[in-house]
Amino acid sequence: MGEKRDPLQETADGEQDLYDVATWEPRSALDRAAVGIHRGIKLVAIYVVIALALGLLVAQLAASGYAIIGNPSLGVLTLLSAVPALALVGFLWRADPTVKEPLGPLAATFLLAVLFASFAAVLNTILRIPFSAVPVVGTVLFFFLIVGPVEETVKLLAVRLFAYRGDAFRTVVDGAVYGAVAGLGFATIENSLYITREFLAAASAGGVGQQLEVAAGTATQRAFVGPGHVIYSGVAGFYLGLAKFNPDDAGPIVVKGLVIAALIHATYNTLVGFLGLSFAALLVFIVVYDGLFGYLLYRKLARYRAEYGRASGGQSPRRAEATPDN
């Protein structure tokens with residue numbers, strides 16, 4: 001569906017001046033002021049969201065940050081737990097057949113995902129209360145109606161607020177790469193909170209050595225969990241990229257991506273929560289489950305790469321633009 005037009009626009013012969021009647025562009029000082037105010041409101045809204053997320057994150061890290069300062073090993077464990085997710089992001093970045101995304105937008109997306117994870121933590125904590133009143137069914141509904149949609153939305157928001165708006169976001173598959181980076185940022189801060197929480201909870205079980213042993217076990221498990229966040233948000237990000245270049249249907253496309261990502265995410269949480277697997281069996285399950293959906297995401301990127309190769313002869317968008325027409 002094309003851009004909607006007023007009937008007067010449709011019948012205009014191009015010589016009529018319909019400014020402030022059926023068309024508009026900034027002409028007067030007031031028009032230009034309106035444009036500036038609108039841009040300012042959008043900018044302020046973005047900074048307010050970021051500031052709020054930062055405040056919530058600082059509050060969450062009040063205890064864990066102190067623990068990490070006192071025990072730098074926790075920071076090392078957090079970094080190690082993020083290595084598999086980072087490796088997956090690197091693989092997706094390399095799988096992009098077009099111009100590789102620059103470090104700046106990637107780093108900004110990572111940091112925004114770290115910040116916005118605080119929104120998910122607060123919402124999950126508050127909204128868990130009514131669902132916890134209904135055993136089993138309430139937990140499943142909580143995963144599908146709250147955890148999956150909320151976490152995938154905040155990760156996609158980290159892409160939408162910065163990278164999506166920049167010139168570096170040039171292709172559909174860029175959405176998958178930036179989405180994956182958002183998943184990495186979310187997983188990293190989540191891993192840190194889990195590792196530190198278990199470290200502090202083990203204080204009564206023994207000395208620091210015992211606490212670090214518990215934290216190391218948690219870090220090992222979280223290392224397997226992290227790639228899931230990358231895959232889920234990579235799927236949602238792919239559809240965000242598809243939406244950017246199909247603006248007439250952008251809303252439904254974004255919703256489709258979020259629904260798919262949220263369903264995969266919630267199904268994972270439900271199965272892990274109710275299967276009662278041993279530690280070893282859990283790791284096997286995670287590898288199989290994430291491997292399946294990771295492969296499906298890769299197939300989407302591979303299809304794009306194949307079509308792109310046929311259409312452009314393997315040229316990057318910038319090189320293709322620089323090639324003169326024959």
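The chain has eleven helices and zero strands. The model is a predicted one. Along the sequence, the pattern reads α-α-α-α-α-α-α-α-α-α-α. Taken along the principal axes, the C-alpha atoms fill a box of roughly 85 × 45 × 40 Å.

Two helix pairs show how the chain packs. Two packed helices are described by the angle between their axes and the distance between the axes.

Start with helix H3, residues 72-81, and its contact with H7. These two helices pack at an angle of about 140 degrees. Their axes lie 9 Å apart. Angles over 145 degrees would count as roughly antiparallel. H3 and H7 are therefore oblique to each other. The crossing of H3 past H7 is right-handed. On the H3 side, the contact uses Leu 74, Leu 77, Thr 78 and Ser 81. On the H7 side, these residues meet Thr 188, Asn 191, Ser 192, Ile 195, Thr 196 and Phe 199. By class, the contact of H3 with H7 holds four nonpolar and six polar residues, with no charged ones.

Now turn to helix H6 (residues 137-160) and helix H8 (residues 208-244). Here the packing angle is about 55 degrees, and the axes are 10 Å apart. Roughly parallel would need an angle under 35 degrees, and roughly perpendicular runs from 65 to 115. H6 and H8 are therefore oblique to each other. H6 also passes H8 in a right-handed crossing. H6 brings Glu 151, Glu 152, Lys 155, Leu 156, Val 159 and Arg 160 to the contact. H8 supplies His 229, Tyr 232, Ser 233, Ala 236, Gly 237 and Leu 240. The contact of H6 with H8 has five nonpolar, three polar and four charged residues.

Next comes the empty space. Rolling a probe the size of a water molecule over the atoms shows where empty space is left. The largest pocket has a volume of about 970 Å³. It is lined by 37 residues. Of these, Glu 151, Glu 190, Tyr 194, Arg 197 and Arg 222 are the closest to its centre. Glu 151 also takes part in the contact of H6 with H8.

Which elements give two or more residues to the lining of the largest pocket? They are helix H2 (29-70), helix H5 (103-131), H6, helix H7 (172-201), H8 and helix H9 (250-275). The largest share, nine residues, comes from H7. By class, the lining of the largest pocket has 19 nonpolar, twelve polar and six charged residues.

Technical notes:
Residues numbered from 1 in each chain as written. Predicted model: local features only at pLDDT ≥ 70, side-chain atom pairs only at ≥ 80, totals over all residues. Heavy atoms only, no water. Axes fitted to C-alpha atoms, helices over the stretch in contact; angles between N-to-C directions. Helix = DSSP H or I, 4+ residues; strand = E, 2+ residues; numbered from the N terminus. Left-handed = near helix turned anticlockwise from the far one by under 90°. Contact = heavy atoms within 4.5 Å. Nonpolar A, V, L, I, M, F, W, Y, C, P; charged D, E, K, R; others polar. 1 Å grid on protein atoms, 1.4 Å probe; cavity = no way out; pocket = protein on both sides within 12 Å on 5 of 7 lines; lining within 4 Å. Points joined across faces, edges and corners; volume = space filled by probe spheres on them.
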